[in-house]
Amino acid sequence: MNEKKYSFVYILTNMHNTVLYTGVTNNLRRRIAEHRAGRGSKFTQKYNVHKLVFYQIYENITDAINREKQIKAGSREKKIEMINKMNPNWEDLYEKLE
């Protein structure tokens with residue numbers, strides 16, 4: 001069976017929704033689990049950032065990386081606006097991942 005591979009751009013926050021972290025991965029469930037286990041980036045470890053509040057799916061890793069760069073270059077307000085559109089209650093989306 002030829003299983004299609006996807007890439008993901010995601011935004012994590014902390015318990016109080018005050019810190020935002022943007023990342024890219026080819027396995028969203030695994031990567032978020034790594035962040036939660038303290039094996040994510042130094043930034044997410046330092047600020048206890050492991051609540052998944054936003055993600056986008058891409059068929060091409062290059063597109064995902066370009067989108068990650070675009071999001072990171074944008075303002076905090078733009079990130080908050082994106083999160084509010086997808087997830088207005090800022091719920092942790094990790095448990096809802098398939």
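Trainee: What relative accessible area does Ala 37 have?
Mentor: This is a predicted model, with residues numbered from 1 along each chain as its sequence is written; local features need pLDDT of at least 70, side-chain atom pairs count only at pLDDT 80 or more, and totals for chains, interfaces and linings use all residues. Side-chain values use heavy atoms, with hydrogens and water left out. With a 1.4 Å probe and protein chains only, buried means under 20% relative accessible area, exposed means over 50%, and partly exposed is in between. Ala 37 counts as partly exposed, because its relative accessible area is 48%.

Trainee: How far apart are the C-alpha atoms of Ala 37 and Leu 97?
Mentor: Ala 37 belongs to the loop between helix 1 and helix 2. Along the chain, 60 residues separate Ala 37 from Leu 97.

Trainee: In what order do the elements of the protein run?
Mentor: Elements are DSSP runs numbered from the N terminus: helices are H or I with at least four residues, and strands are E with at least two. The protein has four helices and three strands. Starting at the N terminus, their order is β-β-α-α-β-α-α.

Trainee: Why do the buried residues of helix 1 line one face?
Mentor: Helix 1 buries Leu 28, Arg 31, Ile 32, Glu 34 and His 35. Looking down the helix axis, we take the directions from that axis to the C-beta atoms. The buried residues of helix 1 line one face because those directions fall within an arc of 155 degrees.

Trainee: What covers the buried residues of helix 1?
Mentor: Here we look for contacts, meaning heavy atoms within 4.5 Å. The cover of these buried residues includes strand 1, strand 2, helix 2 and strand 3.

Trainee: Which residues are exposed on the other side of helix 4?
Mentor: Start with the buried residues of helix 4, which are Lys 79, Met 82 and Ile 83. They span an arc of 95 degrees, so they line one face of the helix. That buried set packs against strand 1, strand 2, strand 3 and helix 3. On the other side of helix 4, the exposed residues are Glu 77, Lys 78 and Lys 85.

Trainee: What is the phi of Asn 48?
Mentor: Most residues other than glycine have a negative phi. Asn 48, in the loop between helix 2 and strand 3, is partly exposed at 46% relative accessibility. Its phi is positive, although Asn 48 is not glycine, with a value near 55 degrees.

Trainee: Is Trp 90 buried or exposed?
Mentor: Trp 90 lies in the segment after helix 4. Although Trp 90 is not a glycine, its phi is positive, about 50 degrees. With a relative accessible area of 11%, Trp 90 is buried.

Trainee: What radius of gyration does the protein have?
Mentor: Along the principal axes, the C-alpha atoms fill a box of roughly 45 × 30 × 25 Å. The radius of gyration is taken over C-alpha atoms, and the globule rule is 2.2 Å times the number of residues to the power 0.38. For 98 residues a compact globule would come near 13 Å, and the protein agrees, with 13 Å.

Trainee: What percentage of the residues in the protein is buried?
Mentor: The count runs over the 98 residues in the protein. The buried share is 41%.
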